[in-house]
Structures are given as C-alpha cells and as structure tokens.
Amino acid sequence: MKSDKLFQQSRKHFPGGVNSPVRAFRAVGGSPRFIAKAKGQYLWDTDGKKYLDFCQSWGPMILGHAHPKVTKAITDQAQKGTSYGAPTENESRLAALIKEAFPSIQKMRFTSSGTEAAMSAIRVARGFTKRKKILKCDGCYHGHSDSLLVKAGSGGATFGVPDSAGVPEDLAKLTITIPYNNIEALERVFKKEGKNIAVFALEPIPANMGVVLPNPGYLERARAITKQYGTLLMFDEVITGFRIAFGGAQEHFGIKPDLTCLGKIVGGGLPIGVFGGRNDVMSKISPEGPVYQAGTLSGNPLATAAGIATLTELKQKDFYKKLNTKALEFFAMLDDLFEQGNYPVTLNRIGSMFTIFCTPNRVTDYQSAKTASPECYAQFFRSLLTKGIYFAPSQFEANFISQAMTLNDLKTALSVFRNL
Ligand SMILES: *Cc1c(COP(=O)(O)O)cnc(C)c1O
C-alpha cells in the first residue's frame with residue numbers, strides 16, 4: 001500500500017512519522033492512512049480507498065469537507081493575500097458572530113490553535129486574580145502547554161505530577177487536578193485551596209477522554225463555588241463550541257463562565273483558537289493591561305474568512321435541530337443493535353458527538369473511561385477501517401456526525417457494524 005510507503009518515508013522526518021501523536025495509530029495498531037483528499041462526508045487515502053469520516057479532523061468539519069461556501073471564502077481571500085500582520089475588518093466580523101453565539105464573551109483574542117487559547121486564558125486568569133494555582137479535571141485536555149499537561153494521581157485532589165517529560169515539577173505543582181463530575185472533590189479542594197486558585201478550567205462536556213456528560217448539578221456547582229471563592233471559571237469549548245449548539249455547552253446548560261476557549265469549528269478547518277470572556281478580565285491583556293499575549297499569524301485572513309463562512313452556515317434556521325435529529329436517529333439504531341447483540345459497550349452521546357466505549361460500565365469520569373478495553377477498541381477500529389469507515393484512532397476521543405452525512409450513510413455504517 002502507498003500509505004505504508006509514505007509512512008516509512010515520513011518516519012525519517014517526524015517523530016513517529018507524524019505531526020501530532022494520535023495520528024500515528026499507536027492506540028489501534030497498523031499504520032496510518034495517508035489522506036489524499038476529502039469532500040463532504042468522505043476521505044480518500046493515497047491508495048484511492050474511500051472512507052465515511054467520523055473523525056472530521058477531530059471536530060472542525062461540521063459542514064463536511066471542502067464545503068463550497070467555505071472553499072470559496074478561502075480562495076477569494078487567498079487572491080487578496082494570506083497574511084498582513086495588521087488588523088482587518090474580517091476579524092471584527094468573526095468576533096461579532098462569536099459574540100452572538102456566546103454572550104459571555106465580551107472581549108476576545110484570536111490565536112492560531114486551541115493550545116495557545118487555553119494557555120493564554122490561564123495566563124490572563126492568573127494576572128487578573130494575582131493567584132498562582134489552577135484547577136483542572138483529570139482526563140480533560142486543554143492543549144499541550146506546560147501547566148495544562150497534568151492529570152491527577154489516584155483518588156481525591158492531588159497536586160499535579162507532569163504528564164510529559166520536560167514539564168518542570170515546580171510548575172506542575174501549581175496545577176491541582178480533581179476527578180470530573182465529583183462534587184465532593186470539588187468542594188474539598190475549594191475549602192482547602194480556594195483562595196489560591198486563579199481559575200477552574202474544564203471541558204463542560206469532556207470529549208478528550210471520550211465523550212462524558214456532566215451529572216445534573218455539576219456545572220452549576222462549579223459556577224457557584226468559583227464565584228464564592230473569587231476563582232474564574234473557564235469553559236474549554238474548543239470541541240463543544242458550535243458543536244452542541246450554536247452557543248456551545250454554555251448555551252445548552254445555561255451556564256455563564258468567566259472565560260471561554262474556542263477552536264476547531266470556529267476556524268472552518270483552518271488553524272485558529274479564540275479565548276475571551278469578561279471585559280474586566282480581558283482588559284488586563286496587552287496593550288491595555290500588563291498580561292502579555294501575541295501572535296504573528298493571529299486573526300489570520302484565511303482562517304477568519306473560513307470561520308465567517310462556516311458560522312454563517314451554522315446560523316441558518318434549524319441547522320442544529322436537523323443535525324441533532326439525524327444523530328439521534330443514528331444513536332437509537334446503535335442502541336438497538338448493541339442491545340440485541342448484547343454487546344458489552346457503552347455509547348455516550350450528546351448532540352452530534354459520541355464515543356463507543358468497550359466497557360459495560362457507565363462512563364462518567366476518567367477513572368471509569370479507563371475501564372474500557374483498548375484491545376477491543378483496536379479490533380473494532382481496524383475492522384471499520386477495512387470496511388471504509390474512519391473512526392477516531394483512539395477510544396478516548398469523540399466521533400462526529402456532520403451536516404454532509406445522510407441518514408443513508410449512517411444506515412450503511414450501521415450495517416457494517418452489524419456485520420463486523
Ligand atoms: C483540540 C483541543 C484543544 C487544543 O487545540 P489545538 O488546536 O489542537 O491546539 C484544547 N482543548 C480542547 C477541549 C480540545 O479538544
């Protein structure tokens with residue numbers, strides 16, 4: 001296969017042959033497919049094999065690949081130049097669309113990735129509160145900046161141990177982690193450390209340990225307790241923003257964080273990140289305030305053009321109703337299939353995103369997610385791939401349904417599942 005040859009070649013250039021680790025297929029075995037092109041709901045690899053794509057570049061492609069309006073916006077802009085290092089009108093246009101969706105964002109900054117957005121949000125939170133410690137949830141991902149690459153040890157609230165070599169322990173110590181969905185742990189950590197915590201950062205609906213839903217009352221408690229202790233609440237909606245609803249998880253659950261991070265969909269498939277929130281917090285950023293933050297390509301004209309075109313489509317009446325109804329039908333069929341076959345799996349889902357965990361247990365946090373069998377998922381993934389269905393190459397990720405997928409596509413996928 002051409003993909004195998006290309007992989008051998010790319011291994012000479014990149015660690016593991018890739019520019020982002022999960023792409024290497026280590027969690028599922030085999031070698032990654034090299035993608036030659038994509039259109040609508042499909043990917044084609046370099047051997048010409050076609051796949052129904054549930055990975056969607058890890059979330060951005062909610063309209064499907066190479067959507068005509070997004071492609072046109074990008075090519076039109078490219079004719080006029082691709083980067084100026086100076087302000088443009090389109091940045092404000094995109095910002096206005098973002099504010100329509102997220103009323104909690106009074107002011108924002110554009111970056112080139114979700115990692116940068118989360119990293120910068122943490123910095124401004126520390127600068128605003130003049131506190132050093134940050135709190136995050138075990139199994140929540142906020143990009144790969146030093147302070148955020150930390151998860152909990154066993155049980156309860158623990159001071160962070162870095163997840164990666166190269167992150168100094170002295171820094172990781174400032175990151176406290178607690179299990180998601182656990183109100184007791186949340187209250188315990190605030191009682192002990194609340195006055196020292198600058199920000200509680202979380203994915204309101206975690207999607208980087210696989211999709212996990214908040215228990216009723218959890219996000220409400222997070223909002224109330226952070227307010228009580230003068231800690232900022234940051235929702236990382238890099239995946240959920242414009243996915244669950246136009247206004248993301250905060251619209252869906254009716255909770256207003258102090259800071260929000262966006263990425264993925266908001267750039268329509270081009271590199272972008274956004275962080276924003278309360279005016280008094282965001283005005284601490286340079287040149288208005290003392291918190292430094294910058295980017296040569298931030299607010300990039302191609303990315304803002306793709307973002308505007310994408311959000312304009314998403315704003316169409318009933319966009320989410322149609323997408324989520326289609327997803328619901330698919331999930332109902334999957335539920336039936338799993339029940340009939342008595343499969344030991346758990347399907348977590350919300351809106352148009354889902355994870356199939358290879359475990360009969362309810363998955364409500366990182367601990368329970370880890371009870372899922374990696375071997376079983378690897379086998380499932382490889383069988384799907386052979387049959388032209390491209391799932392996320394790890395169990396602990398979200399899969400997505402796009403506007404481009406038809407109910408027929410989903411039924412085809414289902415018959416593949418049935419015959420695995
Ligand atoms: C993808 C992701 C990020 C990081 O974004 P990058 O653009 O990959 O740097 C941050 N937070 C969440 C929740 C994500 O899913």
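What radius of gyration would a compact globule with 420 residues have, and what does the protein have?

**View 1. The whole protein, as a predicted model.** For 420 residues, a compact globule would have a radius of gyration near 22 Å, and the protein has 21 Å, so the two agree. The C-alpha trace spans about 55 × 55 × 50 Å along its principal axes. Its secondary structure comes to 14 helices and 17 strands. Of the 420 residues, 55% count as buried. Take the contacts between residues at least 6 apart in sequence: 70% of them join residues at least 24 apart. The accessible surface comes to about 18,400 Å², and carbon and sulfur atoms account for 53% of that surface.

**View 2. The hairpin of strands E1 and E2.** Here we meet strand E1, residues 35-39, and strand E2, residues 42-45, paired in the antiparallel sense over 4 bridges. To find your way along the pair, look for Ala-38, which stands opposite Leu-43 in E2. Another landmark is Lys-39, whose bridge partner in E2 is Tyr-42. Between the strands of this hairpin there are 2 residues, and Gly-40 takes a positive phi near 55 degrees.

View 3. Strands of a sheet pair through backbone hydrogen bonds, either parallel or antiparallel.

**View 4. Helix H11 from end to end.** Helix H11 takes in the 23 residues 319-341. At 1.5 Å a residue H11 should span 33 Å, and its end C-alpha atoms are 33 Å apart, so the expectation and the model agree. The residue that follows H11 is Asn-342, which has a positive phi near 55 degrees.

**View 5. The buried residues of H11 and what covers them.** Which residues of H11 are buried? Among them are Phe-319, Tyr-320, Leu-323, Ala-327, Phe-330, Phe-331, Leu-334, Leu-337 and Phe-338. Asn-324 and Lys-326 are buried in H11 as well. An α-helix has 3.6 residues a turn, so residues three or four places apart point the same way. The cover over the buried residues of H11 includes helix H10 (301-314) and helix H14 (407-418), along with strand E14 (346-350) and strand E15 (353-357).

**View 6. The sheet of E14, E15 and E17.** This open sheet has 3 strands in the order E14-E15-E17, and the pairing is antiparallel. E14 and strand E17, residues 399-400, stand at the edges with a single partner strand each, so one side of each is left without a neighbour in the sheet. E15 and E17 run antiparallel and are joined by 2 bridges. Look for Met-353, which stands opposite Phe-400 in E17. H11 lies across E14 and E15 and runs at about 170 degrees to E14.

**View 7. Asn-300 in its loop.** Our last stop is the loop between helix H9, residues 279-282, and H10, where Asn-300 lies. Is Asn-300 buried or exposed? With a relative accessible area of 16%, Asn-300 is buried, because the cut-off for buried is under 20%. Leaving aside neighbours within four places in sequence, Asn-300 is in contact with Thr-82 and Ser-83.

Technical notes
Residues numbered from 1 in each chain as written. Predicted model: local features only at pLDDT ≥ 70, side-chain atom pairs only at ≥ 80, totals over all residues. Heavy atoms only, no water. Pairing = 2+ DSSP bridges. Expected span 1.5 Å × (residues − 1). Buried < 20%, exposed > 50% of the residue type's maximum accessible area, 1.4 Å probe, protein only. Contact = heavy atoms within 4.5 Å. Rg over C-alpha atoms; globule rule 2.2 N^0.38 Å. Areas by Shrake-Rupley, 256 points an atom, 1.4 Å probe, with all protein chains shown as cover. Axes fitted to C-alpha atoms, helices over the stretch in contact; angles between N-to-C directions.
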